[in-house]
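Thanks for coming. Please have a look at the sequence and the model before I start.

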Amino acid sequence: MQIIMETKPYASLETEAIVTPVFEADNPIQGRVAELDQNLGGLLKRLANAGELTGKSLEFTLLHAPGGLKAARLLLVGAGKREQFSAAVLRKIAGAALRSLKNKSLKNMAFLAAGVLPPAEEAQAFAEGMITADFETDKYKTDKKEKRVETVTLAGFPESEIRAAEKGLAAGKVIAESQNFTRDLVNEPSNKLTPRILAEKAEAMAKEAGLAVDILDEKKIAELKMGALLSVAQGSAEPPRVIVVTYTPANPKPGAPVIGLVGKAVTFDTGGISIKPADGMEKMKYDMAGGATMLGAIRALAALKPQVKVICVVPSTENMPGGRAQKPGDIQTAMSGKTIEVLNTDAEGRLILADAITYAKQLGVTHIVDAATLTGAIVVALANVNVGVFGSNQEFTDKLLASAKAAGEKMWQMPMDDEYREFIKGSFADIQNIGSGKGGGSITGAWFIREFAGDTPWIHLDIAGTAWNDDAKPWLAKGPTGVALRTLVHMVQTY
Ligand code: BES
Ligand code: MN
Ligand code: ZN
């Protein structure tokens with residue numbers, strides 16, 4: 001799908017459908033909608049009077065052969081109240097319009113800018129909404145629905161705003177395409193995405209994006225004494241990998257941090273010897289979403305070129321109950337030298353992150369963000385709505401939360417009181433990999449990781465509830481969401 005900007009008056013656009021937002025109000029026939037209504041001889045007014053055109057969010061009204069327009073159809077999309085219009089609303093309505101028209105096998109469409117947000121912001125949100133909505137999970141279907149919208153035109157910006165809008169559009173494209181890169185990885189089943197295959201795909205991405213890449217194989221991982229990662233990997237016939245991708249700015253900002261993006265990439269989590277129930281286990285192919293998010297984020301950053309150095313470290317393994325698998329009670333020595341009592345082999349994400357964080361620090365990162373589908377407990381706490389945010393440094397955490405707001409991603413900070421730290425004190429080793437107290441499962445998981453971050457400012461994003469969409473939304477296919485990528489990109493860009 002290509003997105004182009006058009007300055008011609010919308011009435012002269014030859015397209016299969018023109019889409020315009022309608023704002024909810026006592027009288028929704030205002031501004032451009034009133035203009036269209038005149039051309040349509042008062043039809044929209046009649047629809048509004050009949051209560052069939054209200055502007056309520058995601059209300060769709062499709063008219064054929066609209067008078068006064070060259071377009072074959074006019075789609076009016078409810079955008080909610082004008083005062084509440086935001087980039088997040090625009091992403092949704094634009095995406096929903098695309099999916100709806102795509103379903104009708106349309107090949108092109110034009111969307112009229114709402115003119116409510118600053119032009120760059122509006123164009124960026126538009127591109128993001130369109131490109132993420134266009135993503136399908138039908139890669140392995142042999143009878144793919146060949147429904148593809150080929151061209152989307154963004155129209156309605158005044159001449160004076162075109163330049164700003166073009167910039168926003170370009171950024172939105174890069175970010176959304178990277179988000180889809182992430183979603184594509186997350187969607188891969190574990191037989192098609194082993195740690196070795198993930199490493200190959202990351203390497204190919206890095207080369208294409210002009211990023212430096214280093215893949216640590218099982219030999220190198222052993223040399224580095226990554227005992228925590230190896231303890232998870234030992235149960236599988238597939239060897240582990242650590243993927244390191246580095247973005248170095250041409251002219252780094254003096255005093256800027258070096259950001260470490262560390263992502264959990266368990267390509268399949270059976271739970272190991274502490275095996276998971278069969279029901280729903282297939283979903284555990286998405287247990288590499290954190291790693292895929294970080295790879296997508298650095299892919300976007302390579303194109304956006306912020307003045308901050310970013311090092312992405314992705315530890316990848318399967319978690320399998322093989323004959324050589326680690327067993328509950330086993331004591332492992334992490335790369336940092338800390339000893340870990342593995343009381344539950346299903347709490348494997350924190351083990352692999354421990355060594356990845358130690359390695360990232362060795363590479364010189366000054367600030368760390370990790371993303372992981374870490375706990376079922378975060379789903380209990382925040383459902384599939386908010387990402388759980390944990391941090392060791394409030395200033396850094398506030399920066400991330402501000403970026404989440406700006407990027408329109410819902411995130412909620414969780415507590416990290418010292419009391420929770422007590423839960424993971426080891427009986428027979430330095431620490432244990434699950435909490436001994438009752439409850440607080442995502443907090444004890446976070447504390448475990450924090451032990452390895454030490455004094456380095458650190459944030460942990462638990463995306464177990466938000467990385468996978470169990471039900472399709474009008475603007476998004478069922479499956480991987482690519483959550484947190486936009487926030488991370490925004491954060492790095494605003495240093
Ligand atoms: N990958 C899972 C977390 C998970 C669970 C994600 C459910 C999505 C849905 C993680 O490795 C895990 O198994 N965590 C355990 C930790 C427990 C053993 C302390 C969990 O949440 O049950
Ligand atoms: Mn697990
Ligand atoms: Zn897991």
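First, conventions. This is a predicted model, in which local features need pLDDT of at least 70 and side-chain atom pairs count only at pLDDT 80 or more, while totals for chains, interfaces and linings use all residues. Residues are numbered from 1 along each chain as its sequence is written, chains are lettered from A and ligands numbered from 1 in the order in which they are written, and side-chain values use heavy atoms, with hydrogens and water left out.

Let us begin with the zinc ion, ligand 3. Which residues coordinate the zinc ion? Lys 264 through NZ, Asp 269 and Asp 287 through OD, and Glu 348 through OE, at 2.0 to 2.4 Å. A donor here is an N, O or S atom within 2.8 Å of the metal, or 3.2 Å for Na, K and Ca; water is not among the atoms, so sites may look incomplete. The zinc site has six donor atoms with angles of 78 to 174°, and it is octahedral. For six donors, that label requires opposite donors over 155 degrees apart and all others between 65 and 115; four donors count as square planar under those limits too, or as tetrahedral if all angles lie between 85 and 135 degrees, and anything else is irregular. In sequence, the zinc donors follow the spacing K-x4-D-x17-D-x60-E. Helices (H or I, at least four residues) and strands (E, at least two) are DSSP runs, numbered from the N terminus.

Next to consider is the manganese ion, ligand 2. The zinc and manganese ions are 3.1 Å apart, and Asp 269 coordinates both. The manganese donors are Asp 269 (OD), Asp 346 (O and OD) and Glu 348 (OE), at 2.1 to 2.2 Å. Why is the arrangement around manganese irregular? Because its six donor atoms subtend angles of 70 to 170°.

How covered are these residues? Glu 348 is buried, with a relative accessible area of 0%, and Lys 264 is buried as well. Asp 346, at 22%, counts as partly exposed. Buried means under 20% relative accessible area, exposed over 50%, and partly exposed in between, with a 1.4 Å probe and protein chains only.

Now ligand 1. Among its polar contacts (N or O pairs within 3.5 Å), one of its oxygen atoms is 3.2 Å from a side-chain N or O atom of Lys 264. A polar side-chain atom of Asp 269 lies 2.9 Å from an oxygen of ligand 1.

On to the threonines. Thr 345 lies in the loop between strand 13 and helix 10 and is buried, at 1%. Its side chain reaches the backbone nitrogen of Ile 273 at 3.1 Å. Thr 481 sits in the loop between strand 20 (479-480) and helix 15; at 14%, Thr 481 is buried too. The side chain of Thr 481 reaches the backbone nitrogen of Val 483 at 3.2 Å. Thr 481 and Thr 466 are 15 residues apart in sequence and 7.3 Å apart in space, C-alpha to C-alpha.

Last, helix 15, residues 485-493. Seven of its nine residues are buried, so the helix is largely enclosed by the rest of the structure. Among the buried ones are Leu 485, Arg 486 and Met 491.

Notes. Polar contact = N/O pair within 3.5 Å; in protein donor to acceptor, adjacent residues only side chain to side chain.
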